[in-house]
Amino acid sequence: MATRNVPHLTALVGLDWADDHHDVSLREAGSTSIEQSQVDHTPEALTEWLAGLRRRFGGRPVGVCLELSRGPLIYALLEHDFVVPYPVNPKSLKRFRETFYPSGAKDDSTDADLLLELLDKHRDRLRPWRPDVPETRALGRLVEARRKAVDLRTRFSQQLRAELKGYFPQALDWVGNLTRPLACDFLLKWPTLEAVQRARLETVRRFYYAHHCRRGDLIEKRLQAIPTATPLTTDPAIVETSLLTVQMLARQIRALGPSVVRYEQEIEQRFEAHPDADLFRCLPGAGAALAPRLLAALGTDRDRFPSATTLQQYGGIAPVIERSGKTTFTVRWRWAAPTFLRQTFHEFAHQSIPYCPWARAYYELQRERGKGHHAAVRALAFKWIRILWRCWQDRTPYDEARYIRALRQRGSPLVKRLQLPAAA
């Protein structure tokens with residue numbers, strides 16, 4: 001790994017965090033003595049401790065090595081401009097600890113010492129964490145929050161589907177998409193087959209119309225099926241308990257819907273106002289969901305990823321090669337990578353296939369070479385990252401025609417698959 005520019009620090013701190021307190025190991029620059037202490041995990045205690053560091057070192061840079069890059073502790077540190085955070089992967093600290101304590105012994109104060117040693121002895125291999133501008137950080141938090149809300153709604157809908165299959169499977173045909181308000185309101189109003197069969201068919205018809213279901217043939221098909229439907233079970237031990245679970249899940253899904261919409265509206269507004277939006281808006285297949293995620297993934301700081309390779313590695317798309325001597329054992333995907341970032345690149349590459357001729361050709365070529373679907377999509381994502389990085393660095397929007405011309409000039413095997421005229 002290339003040596004990075006190492007900032008001059010007046011003190012080094014190893015900080016092992018916990019829910020109720022943090023263990024601190026501190027060493028002044030040029031000193032060999034280590035000071036150990038504890039700081040309560042309260043805003044008041046953290047503020048007092050950081051203010052003491054500022055007074056003691058005159059506001060000069062203090063490096064703090066810790067195990068995370070987000071959360072309440074890092075937010076508190078970022079309020080103070082003299083603090084230079086050095087986040088490390090928890091797995092890295094664990095492996096470093098096992099080097100000296102193979103027995104598996106672990107102690108918070110010992111971990112603080114080890115973090116201090118990492119910062120002292122290997123600072124040239126650590127990257128100080130610099131927060132992006134507030135606009136980009138807010139957008140990044142919003143797209144992740146939206147994804148979590150959508151995943152939560154999906155999980156609830158899967159549980160709802162499983163519960164309905166156990167006592168009221170007909171509802172799956174009568175309500176359609178379980179994440180829609182129609183499905184939730186139907187199940188809150190008629191949670192059992194007996195309940196909907198007691199209702200007048202005209203009432204059910206009006207219900208469908210009120211929920212913007214206007215396909216007459218579909219409504220009539222459902223109405224005809226209701227009177228003749230046979231219950232899967234009439235066991236009250238199953239029906240009475242399941243309907244409570246179904247209504248609980250329906251309420252949860254119903255409540256998440258407006259929240260997802262609110263997230264999407266806020267993301268759209270912030271994305272449109274972002275100065276780099278034009279670089280990602282025109283990407284084939286990105287759309288309203290993935291374009292903001294790609295912008296947040298690359299950020300605003302052009303020095304954060306000095307090459308496309310660093311972005312491919314950090315995003316978990318670049319494979320890992322295991323070698324010993326002249327023998328290559330395996331080529332596999334990276335285990336340690338930000339999951340949401342990896343998903344962003346993977347999902348964008350997949351979505352680009354129907355909209356981008358060369359991406360479709362490249363994916364098909366990888367499949368013909370024996371790669372599975374996800375491996376082929378990762379290979380395409382690897383290629384896309386190089387393009388995205390160059391557009392991002394040059395602040396130039398992606399140009400499909402320009403890229404295809406470059407493929408022709410290089411004699412890429414993809415050109416034959418594109419079946420496009422030379423003028424294209």
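The following questions and answers concern a predicted model.

Biologist: How are residues numbered, and what limits apply to a predicted model?
Modeller: Residues are numbered from 1 along each chain as its sequence is written, and side-chain values use heavy atoms, with hydrogens and water left out. Local features need pLDDT of at least 70, side-chain atom pairs count only at pLDDT 80 or more, and totals for chains, interfaces and linings use all residues.

Biologist: How far apart are the end C-alpha atoms of H17?
Modeller: Helices are DSSP runs (H or I, at least four residues), and strands are DSSP runs too (E, at least two), numbered from the N terminus. The expected span of a helix is 1.5 Å times one less than its number of residues. H17 has 22 residues and should therefore span 32 Å, which agrees with the separation of its end C-alpha atoms, 32 Å.

Biologist: Are the axes of H3 and H4 roughly parallel or roughly perpendicular?
Modeller: Axes are lines fitted to C-alpha atoms, for helices over the stretch in contact, and angles run from 0 to 180 degrees between N-to-C directions. The axes of H3 (residues 90-100) and H4 (residues 108-121) come within 10 Å and cross at roughly 105 degrees. Angles under 35 degrees count as roughly parallel, over 145 as roughly antiparallel, 65 to 115 as roughly perpendicular and the rest as oblique. H3 is therefore, relative to H4, roughly perpendicular.

Biologist: Which residues in H4 meet H3?
Modeller: Contact means heavy atoms within 4.5 Å. On the H3 side the residues are Leu93, Phe96, Arg97 and Phe100. Their partners in H4 are Asp111, Leu114, Leu115, Glu117 and Leu118.

Biologist: Is Leu118 buried or exposed?
Modeller: Leu118 lies in helix H4 and touches Leu93, Phe96, Arg123 and Leu126, not counting residues up to four places away in sequence. Its relative accessible area is 11%, so Leu118 is buried.

Key
Buried < 20%, exposed > 50% of the residue type's maximum accessible area, 1.4 Å probe, protein only.
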